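Hi,

Here is the structure I promised to pass on.

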Amino acid sequence: PRSIWLSRHGESEFNLSGQIGGDADLSPRGQLYARALPDLVRKSAGDLPLTVWTSTLKRTGQTARFLPFEKLSWKALDELDSGVCDSLTYAEIEQKYPADFKSRDDDKYNYRYLGGESYRDVVIRLEPIIMELERSENILIVTHQAVLRCIYAYFMGMNQEQSPWMEVPLHCLIKLTPRAYGTVEDRLHANI
Ligand code: F6P
């Protein structure tokens, strides 16, 4: 059976400071995840040679760096574009753009950041990725929280409108195996 592996990038410097978006490097802990990932993948996929898809942002490339596989980076896997709010913390967004902050909470799926994207936009830009995934085998995707939520929801057959609220932890490798009766999920957490 064909499986798909998914992971968020390791913890970044922006994750530590609570800033969204940006193109930060991995934190020291995030680098430990990058070091741990080859073993985690071996535990989950055995000797199967995978192909790794990353975004074009530094933190996903740095996370995939020690994987002994072919790598491909896709702009379509970049994190949801938070427009004018890029590099701000949620507290700063609430202070600078209170009405927007509330609109996002009211309808997170459809809310589009000023000069940026909504989850709905991300789902649309992921269509080519999903199509390519459907006809590929043994792909490991290292991407970002919002993007991972959308891909995960697609393969789990969930309503996309729920995906913005889904919990996707850092430092966890998710294996999804589509079956006739539904997708089987297996999660491995890195011990770091
Ligand atoms: O904080 C990490 C991050 O990937 C941000 O870059 C991004 O804006 C955010 O998560 C997406 O999560 P949410 O839609 O819950 O704000």
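Val52 stands opposite Leu140 in strand 4, and Leu140 is also the bridge partner of Trp5. Please keep in mind that this is a predicted model, where local features need pLDDT of at least 70, side-chain atom pairs count only at pLDDT 80 or more, and totals for chains, interfaces and linings use all residues. Residues are numbered from 1 along each chain as its sequence is written.

Back to the strands (DSSP E runs of at least two residues, numbered from the N terminus, as are helices, which are H or I runs of at least four). Strand 2 (residues 51–54) runs parallel to strand 4 and is joined to it by 4 bridges. Strand 1 (residues 4–8) pairs with strand 4 over 5 bridges, also in the parallel sense; pairing here requires that DSSP finds at least two bridges between the strands. How much of strand 4 (residues 139–143) is buried? It is mostly covered, with 4 of its 5 residues buried. Buried means 20 or more other C-beta atoms within 10 Å of the residue's own, exposed means 12 or fewer, and partly exposed lies in between, with C-beta atoms placed from the backbone.

For the protein chain as a whole, 32% of the 192 residues count as buried. The chain has 8 helices and 6 strands, in the order β-α-α-β-α-β-α-α-α-α-β-α-β-β along the sequence. Its radius of gyration is 16 Å, which agrees with the value near 16 Å for a compact globule of 192 residues; this is taken over C-alpha atoms, and the globule rule is 2.2 Å times the number of residues to the power 0.38. The C-alpha trace spans about 50 × 40 × 25 Å along its principal axes.

Now the ligand, which may interest you. Which residues are around it? They are Asn15, Ile20, Gly21, Glu79, Leu80, Ser82, His144, Gln145, Ala146 and Pro164, where a residue counts if its C-beta atom, placed from the backbone, lies within 6 Å of the molecule. By class, this shell has 4 nonpolar, 5 polar and 1 charged residues. Nonpolar covers Ala, Val, Leu, Ile, Met, Phe, Trp, Tyr, Cys and Pro, charged covers Asp, Glu, Lys and Arg, and the others, Gly among them, count as polar.

Lys75 counts as exposed because it has 9 C-beta neighbours inside 10 Å. Lys75 and Thr56 are 19 residues apart in sequence, yet 5.5 Å apart in space, C-alpha to C-alpha.

Best wishes
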